[in-house]
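Please look through the sequence and the structure shown below before reading on. The report that follows takes up a few selected places, one after another.

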Amino acid sequence: MNRFFAICCITAVTLGSASAEERISSGRIEFQGQIVESGCRQDAAVNAITLTCLRQGKESKMTQSLTPNYTQRLPFHLGSTTSLAVSGHPNLRMVTVTYR
């Protein structure tokens, strides 16, 4: 008896959800804010920084040289990177990533 009752309940739930799906044919979603994609991932090495950017399921990598006063564009035209020498520290570089 309990098994018959359980089967009837499962059937009723299944039929109810199927008919509810059929009734939903249109709608409207409203939101406020921004859809924001993540920035690029940075991996530092001794003489360069590798930037990995992901957009629309495609990955693109670029390597930024640590040569002072060197500017390079990011993949997918996301912005640019600039490498600058640090005053008084010949072995240090500052890399600025600017997103558009």
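Strands here are DSSP runs of E with at least two residues, and they are numbered from the N terminus. The model is a predicted one.

Leaving aside residues up to four places away in sequence, Met 94 touches Thr 82, Ser 83, Leu 84 and Val 86. One of these, Thr 82, is 12 residues from Met 94 along the chain, and the C-alpha atoms of the two residues are separated by 8.1 Å.

## The disulfide

A disulfide is a covalent bond between the sulfur atoms of two cysteines. When the whole structure is searched, one disulfide is found. The cysteines that it joins are Cys 40 and Cys 53, with a distance of 1.9 Å from S to S. These partners belong to distant parts of the chain, 13 residues apart, for Cys 40 sits in the loop between helix 1 (2-23) and strand 1 (41-44), while Cys 53 sits in strand 2 (residues 48-55).

What is the handedness of this disulfide? The torsion about the S-S bond of Cys 40 and Cys 53 is about 100 degrees, and the disulfide is therefore right-handed. As for accessibility, a residue is called buried when its relative accessible area is under 20%. Cys 40 counts as buried because its relative accessibility is 7%, and Cys 53 likewise counts as buried because its value is 0%.

## Thr 52 in strand 2

Thr 52 is also found in strand 2. Is this residue buried or exposed? Thr 52 has a relative accessibility of 5%, so it counts as buried.

If residues up to four places away in sequence are not counted, the residues that Thr 52 touches are Cys 40, Arg 41, Asp 43, Glu 59, Ser 60 and Lys 61. Cys 40, named among these contacts, is the residue joined to Cys 53 by the disulfide.

## The hairpin of strand 4 and strand 5

Strand 4 (residues 70-73) and strand 5 (residues 79-86) run antiparallel and are joined by four bridges. For Gln 72, the bridge partner in strand 5 is Thr 81. Between the two strands of this hairpin there are five residues, and Phe 76 takes a positive phi near 60 degrees in the hairpin.

Methods. Residues are numbered from 1 along each chain as its sequence is written. This is a predicted model: local features need pLDDT of at least 70, side-chain atom pairs count only at pLDDT 80 or more; totals for chains, interfaces and linings use all residues. Side-chain values use heavy atoms; hydrogens and water are left out. A disulfide is a pair of cysteine sulfur atoms within 2.5 Å. Buried means under 20% relative accessible area, exposed over 50%, partly exposed in between (1.4 Å probe, protein chains only). Two strands pair if DSSP finds at least two bridges between them. Contact means heavy atoms within 4.5 Å.
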